[in-house]
Amino acid sequence: MNLQLPPAVAAYFSADREGDIDAILACFTEDALVRDEGKMNQGHDAVRAWKAKSSAAYNYVSEPFAATSDADQTIVTSRLTGDFPGSPLDLRYFFTLRAGKIAALEIKP
């Protein structure tokens, strides 16, 4: 990944590529909110369940290729390729950081 990303965001994509749910969770605040596929998941237990479910449902590779940042949000566009309907698919990840960790993540097509 050649993009300049905040450390927590870069760590998230790296851990996702490795399939390391514990490392993914370490990127998030305890009360983090993840919104994906129209569902909200808040707190470490809910984020763990969301990531475990999505990782078990599909085999995929996420390759970030564009990013923009402002004071409180980083938006990363990533190409997902895998065994899911519509593959490949470009998704936008809206990261809100707090104290160097991901406080919120929304994923949209």
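Predicted model: local features only at pLDDT ≥ 70, side-chain atom pairs only at ≥ 80, totals over all residues.

Colleague: Which element gives the largest share of the lining of the largest pocket?

Modeller: H3 does, with five residues. Residues are numbered from 1 along each chain as its sequence is written, and side-chain values use heavy atoms, with hydrogens and water left out.

Colleague: What makes a space a pocket, and what makes a residue part of its lining?

Modeller: The search runs on a 1 Å grid over the protein atoms alone; a pocket is an open set of points with protein on both sides within 12 Å along at least five of seven lines, and lining residues have an atom within 4 Å of a point. The largest pocket here holds about 590 Å³ of space. Its lining counts 22 residues; Asp36, Glu37, Trp50, Ser54 and Tyr58 lie nearest its centre. The elements that give two or more residues to that lining are H1, S2, H3, S5 and S6.

Colleague: Which residues of H3 are buried?

Modeller: His44, Val47, Trp50 and Lys51. Buried means under 20% relative accessible area, exposed over 50%, partly exposed in between (1.4 Å probe, protein chains only).

Colleague: Why say that the buried residues of H3 line one face?

Modeller: Look down the axis of H3: its buried residues fall within an arc of 130°, so they line one face of the helix. The arc is that of the directions from the helix axis to the C-beta atoms. The face turned away carries the exposed residues Asp45, Lys53 and Ala56.

Colleague: Why is Asp16 called buried?

Modeller: Asp16 has 9% relative accessibility. The limit is under 20%, so Asp16 counts as buried. Asp16 lies in helix H1. Beyond its neighbours within four places in sequence, Asp16 is in contact (heavy atoms within 4.5 Å) with Ile24, Lys51, Tyr60 and Ser62.

Colleague: Why is the pairing of Asp22 and Arg48 called a salt bridge?

Modeller: A salt bridge needs a side-chain nitrogen of Lys or Arg within 4 Å of a carboxyl oxygen of Asp or Glu. Asp22 and Arg48 meet at 2.9 Å, N to O, so the pair qualifies. Asp22 lies in H2 and Arg48 in H3, so the pair ties together parts 26 residues apart in sequence.

Colleague: How many salt bridges does the structure hold?

Modeller: Four. Among them is Arg98 with Asp31, at 2.5 Å, N to O. That pair links distant parts of the chain: Arg98 in strand S5 and Asp31 in strand S1, 67 residues apart. Another of the salt bridges joins Asp90 and Arg79, with the closest N and O atoms 2.7 Å apart.

Colleague: What makes Arg98 partly exposed?

Modeller: Arg98 has 43% relative accessibility. That falls between 20% and 50%, so Arg98 counts as partly exposed. Asp31, at 38%, is partly exposed as well.

Technical notes: Helix = DSSP H or I, 4+ residues; strand = E, 2+ residues; numbered from the N terminus. 1 Å grid on protein atoms, 1.4 Å probe; cavity = no way out; pocket = protein on both sides within 12 Å on 5 of 7 lines; lining within 4 Å. Points joined across faces, edges and corners; volume = space filled by probe spheres on them.
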